[in-house]
Amino acid sequence: MDKITIRNLELYYHVGVPDAERSQAQRLLITLEMEGDFSEAAKTDDLSKTVDYYKVAQRLIHFGDGRSWKLIEKLAADIIEMLFAEFAADAFAIEIKKMVIPETEYVSFSMSRSRE
């Protein structure tokens with residue numbers, strides 16, 4: 001399996017259990033790993049034989065527009081569902097970092113899923 005990684009993409013989504021926390025978009029850092037057989041892209045230098053990570057990043061930047069989530073666990077599941085529907089990787093792994101507790105660097109949640 002080959003892997004493409006987008007590390008610490010800075011996004012602003014409405015996430016949090018209390019309504020007051022969700023009222024303002026907050027900074028998140030998302031790391032996304034996309035796995036698949038990208039050997040044809042490596043041989044041919046053809047973008048259509050891989051996952052266009054620029055398009056993935058742009059999709060993630062706008063994924064939160066007009067939406068909100070209480071839990072980063074649900075956000076991660078929704079992102080992975082969208083990625084499987086729109087991009088041709090065999091597996092996705094995501095880590096979402098939320099800077100919500102002042103005494104910590106961040107709180108994070110990770111999830112990995114493969115096509116069945």
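Biologist: Is E33 buried or exposed, or partly exposed?
Modeller: E33 has a relative accessible area of 23%, so it counts as partly exposed. Buried means under 20% relative accessible area, exposed over 50%, and partly exposed in between, using a 1.4 Å probe and protein chains only. This is a predicted model, where local features need pLDDT of at least 70 and side-chain atom pairs count only at pLDDT 80 or more, while totals for chains, interfaces and linings use all residues. Residues are numbered from 1 along each chain as its sequence is written, and side-chain values use heavy atoms, with hydrogens and water left out.

Biologist: Thanks! Which residue does E33 form a salt bridge with?
Modeller: That's K3, and the closest N and O atoms are 3.7 Å apart. E33 lies in strand 2 (residues 26–36) and K3 in strand 1 (residues 2–15), so this pair ties together parts 30 residues apart in sequence. Strands here are DSSP runs of E with at least two residues, helices are runs of H or I with at least four, and both are numbered from the N terminus. K3 is partly exposed, at 47% relative accessibility.

Biologist: How many salt bridges are there?
Modeller: The count is seven, taking a salt bridge as a side-chain nitrogen of Lys or Arg within 4 Å of a carboxyl oxygen of Asp or Glu.

Biologist: What about E10, which residue is its salt bridge with?
Modeller: E10 pairs with R27, with 2.6 Å between the closest N and O atoms. E10 sits in strand 1 and R27 in strand 2, 17 residues apart, so to speak a link between distant parts of the chain. E10 is partly exposed at 41%, and R27 is partly exposed at 35%.

Biologist: Switching topic: where are D78 and R67?
Modeller: D78 is in helix 4 (residues 72–86), and R67 is in the loop between helix 3 (53–63) and strand 3 (68–69), eleven residues apart. They form a salt bridge with the closest N and O atoms 3.6 Å apart. D78 is buried at 12% relative accessibility, whereas R67 is partly exposed at 32%. Salt bridges with shared partners join R67, K74 and D78 into one network.

Biologist: Nice. Which residues form the negative surface patch?
Modeller: D2, D37, E40 and D90. Patch residues have over 30% relative accessible area and no salt bridge, with like charges joined within 9 Å. E40 lies in helix 2 (residues 39–44) and is partly exposed at 37%.

Key
Patch = residues over 30% accessible without salt bridge, like charges linked within 9 Å, V, L, I, M, F, W, Y side chains within 5 Å. Areas by Shrake-Rupley, 256 points an atom, 1.4 Å probe, with all protein chains shown as cover. Lys, Arg positive; Asp, Glu negative; His and termini not counted. Charge placed at Lys NZ, Arg CZ, Asp CG, Glu CD.
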